[in-house]
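Visitor: I am new to this structure. Please show it to me, and then let me ask a few things.

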Amino acid sequence: MARTITYQQAINEALDQEMTRDPSVIVMGEDVVGGQGAEGEMDAWGGVLGITKGLYEKHPNQIMDTPITESAFIGAAVGAATQGLRPVAELMFCDFLGVCFDQMYNQAAKFRYMFGGKAETPLVVRTMIGAGFRAAAQHSQSLYSVFTHVPGLKCVVPSSPYDVKGLLIASIRDNDPIIFFEHKMLYTMEGDVPEEPYVIPLGEAAITREGGDVTIVTLGRMVHLAGAAAVALAKEGIECEIVDLRTTSPLDEDTILESVENTGRVVVVDEANPRCSIATDISALIAQEAFGALKAPIRMVTAPHSPVPFSDALEDLYIPSAEQIAAAARDVAGYGE
Amino acid sequence: MQLSKDDLLEAYRIMRTIREFEERVHTEFATGSIPGFVHLYAGEEACAAGVCLHLENDDTIASTHRGHGHCIAKGCDVDGMMAEIYGKATGLCAGKGGSMHIADLDVGMLGANGIVGAGSPLICGAGLAAKVKGTNNVAVAFFGDGGSNQGTTLESLNLAKVWDLPCVFICENNGYAEATASKWSVSCDNVADRAAGFGMPGVVVDGHDFFAVHEAAGEAIERARAGGGPSLVELKVSRYFGHFEGDAQTYRPADEVKNLRANRDCLALFRARVTETGQLEAAQLDAIDAEVGTLIDVSVEKAIAAAKPVAAELMTDVYISY
C-alpha cells in the first residue's frame with residue numbers, strides 16, 4: 001500500500017527491507033551509525049544527514065562505521081563483494097570519489113572482465129550529488145558522467161521517492177558494481193511510495209510528462225525543474241515530453257530516441273558541468289541516431305564550466321533554472337516556424 | 001614450526017615451479033613471443049611458498065603486479081597462467097587479463113594487480129567477509145616496498161586493526177620500487193617498524209630463508225585465524241630480474257644479481273639445509289626439478305599452440321547483466 005514519505009525515508013526503508021531479506025547485505029560508511037567508541041549514545045547520527053538512522057537498532061550486525069578512510073573502506077567493500085557479501089557503502093559526498101577512484105574504476109569495474117568472467121562484485125556505493133545546499137565546490141558536484149564513462153560500472157540517478165526505493169532495491173539485488181547518486185536537495189521531497197519492496201529495472205527511463213512538441217531529456221533534480229518549465233510552456237501552447245533517464249549506465253537509448261522521433265525538437269538538461277557530460281553524450285546519441293527526425297538544433301541547458309560557488313548569489317546562477325529550460329524549449333519549439 | 005617430509009617436498013615443488021616458470025618467461029619474452037609487460041618473481045620464491053603453505057583454498061590472497069609466484073603458490077593452474085601470459089583463450093582469465101591480472105577466485109587468488117597498493121583494501125574486505133560470515137578464513141595482502149608507501153596500504157593497516165580483521169599484511173621488500181631503492185623511499189629502517197604505529201605486531205624476516213618465512217607467516221596467520229587480529233610481516237628479499245622485462249637495471253651494482261644467485265638463492269639454501277639435516281635426499285629434489293622442467297616445457301608448448309580469443313569475446317563479461 002502506498003503512502004506519502006520522503007525520498008530520505010524511502011532510502012532508509014529500502015535498506016531496512018533488503019537487510020532483513022538478505023543477511024549478506026551490509027551497510028558501511030563514515031558515521032552511518034555514529035557514536036562508535038564515544039561515551040554518548042550509539043546511532044548518534046545515522047549518516048551525516050540521518051539517512052541510515054535507526055538501521056543500527058534493527059540490524060546491529062549488518063551496519064558498521066568506518067574511520068574516515070575512503071580508499072580503504074570502499075576498497076574493502078569491493079573485496080567483500082567478491083567474497084559473498086553484498087555491501088552498500090555510503091560515500092558521504094560524491095566529491096570524495098576522488099579519494100577512492102582507483103577502488104571503483106580500476107578494481108570493482110574491471111574484475112569481471114579482467115578475470116575472464118569469473119568474478120562477481122555486487123557492490124552499491126551510495127553517494128550524494130548536487131548543488132543548492134550552499135555546500136561549495138567540494139561538496140556539491142554531480143559527477144555521474146565521470147563514472148558513466150567507465151565500462152563495468154552502472155550509474156543510477158533517482159529523481160523521486162518512488163524511484164529511489166525501487167532503484168535502490170534493484171541496485172542491491174544486482175550483481176554488478178553500482179554507484180547510486182542521491183541528490184541532496186531531494187531528501188525532503190515527499191511522494192507516494194508503496195510499503196512493500198519493489199524493483200525498478202535498471203536501464204528503463206521514465207516518461208514523467210507526455211507531450212508532442214519538445215522532448216526534454218534530463219535526470220535527478222532537474223526532472224522537477226523541467227516539470228516546472230513544462231507547466232509554464234503548456235500555458236503558451238507548447239507541450240513538452242520529459243524523459244527522466246533514471247540510470248546513465250545502462251542508458252535507455254530507445255525511450256530517448258522514440259520521443260525525439262515524435263517531437264523532432266530536443267532540450268537536454270543536466271545539472272553537471274557541460275564538457276564531456278551526460279548532456280553532450282545524449283546530444284551526440286540523438287545527432288547520430290535521429291538526425292533525420294530533428295526539426296531544430298539540439299539545445300543543452302547545463303551548469304557552466306566552473307566549480308560550484310559558495311555564495312547564494314552565485315550558486316543560484318550556477319544551477320540551471322526552470323526559466324532557462326523554458327527559454328531553451330521555447331527556442332527549439334519556434335525554430336524554423 | 002614442524003614440517004613433514006611431504007610439506008618439505010611440497011614447498012620445494014612450489015619454489016622450483018615458480019623459478020622455472022619465471023626463468024622460462026624471461027627467455028620466451030626475449031624472443032618477442034609474449035606481449036605486453038611482465039614483472040618476474042624469481043629470487044622471491046621462499047616468500048610466496050612460505051606464506052601460502054599455511055593457507056587453505058577458502059583463504060584469500062591479493063597480489064601485486066609481480067604476481068606469478070603468488071598465483072603458483074596459491075594453487076593457480078600453471079598451464080592456465082602461461083596461456084594467460086601469452087594472451088590465449090585458454091588462459092586463466094580467457095586472455096583478457098594478462099600477466100598483471102591473473103586471478104582465480106576458485107582457489108582464493110583475488111588477482112595480481114596493476115595498481116601498486118591496491119591489494120590491501122581488498123584484503124580488508126575479504127577479512128571482513130570472513131568475520132561477518134563467521135568462517136575462520138584469513139585474508140593475506142602481498143605488497144612490495146613500493147606499495148608500502150601508498151596511502152591505501154597505510155589506511156588498510158589502520159582499518160584492519162580498527163575492525164579487528166583476520167588479515168595478514170606481507171611486505172616483500174626486494175630493495176627496489178621500480179628503479180628507486182627502498183632504503184631511500186621508505187622513511188624508516190624497516191617497513192615492519194610501522195606496525196607499532198597501527199598497534200599490531202610487526203616482524204622483519206629474511207625472505208631468502210624459506211624456514212624463517214614459513215615460521216613468521218605461520219604465527220601471523222594463526223593469530224589472525226584465532227581472532228587475534230592483523231599483523232605485518234616484512235620479508236627482506238631480492239629479485240633476480242628487472243622491474244619489468246627489458247629493464248637494463250643500471251641502478252643496481254653490476255655484480256649484485258650474480259652474488260645473490262651465488263649466495264642467497266632460496267632454492268639452494270633450502271636444498272642445502274634439508275639434505276644436510278637428512279630430512280630429504282638430493283635425489284628426491286632432483287626428481288622434482290625434472291618433473292617441474294617438463295611441466296613448464298609443456299605449459300609453453302600448450303600456450304603457443306592455443307587459440308587466441310575470438311572477436312566476440314571483446315564485449316563479453318563487461319557486466320553480468322546490462
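Guide: One definition to start: two strands pair if DSSP finds at least two bridges between them. Helices (H or I, at least four residues) and strands (E, at least two) are DSSP runs, numbered from the N terminus. This is a predicted model, where local features need pLDDT of at least 70, side-chain atom pairs count only at pLDDT 80 or more, and totals for chains, interfaces and linings use all residues. Residues are numbered from 1 along each chain as its sequence is written, with chains lettered from A and ligands numbered from 1 in the order in which they are written.

Visitor: In which sense do β6(A) and β7 of chain A pair?

Guide: Strand β7 of chain A covers residues 178-183. C155(A) has its bridge partner in β7(A), namely I179(A). Over 3 bridges, β6(A) and β7 of chain A pair in the sense called parallel.

Visitor: Which are the edge strands of the open sheet in chain A?

Guide: The sheet has 7 strands with mixed pairing, in the order β3-β2-β4-β5-β7-β6-β12 (chain A). An edge strand pairs on one side only. That gives β3 (63-65) and β12 (247-249) of chain A.

Visitor: How many residues of domain 1 of chain A are in contact with domain 2 of chain A?

Guide: Chain A is divided into domain 1 (2-194) and domain 2 (206-334), with bounds from an automatic or database domain assignment. Contact means C-beta atoms, placed from the backbone, within 7 Å. Domain 2 of chain A brings 23 residues, and domain 1 of chain A brings 25.

Visitor: Which element gives the most to the side of chain B that touches chain A?

Guide: The contact takes 35 residues from chain A and 37 from chain B. On the chain B side, α5 (119-133) and α6 (151-162) give two or more residues. With 10 residues, the element that gives the most is α5(B).

Definitions and conventions: Two residues are in contact if their C-beta atoms, placed from the backbone, lie within 7 Å.
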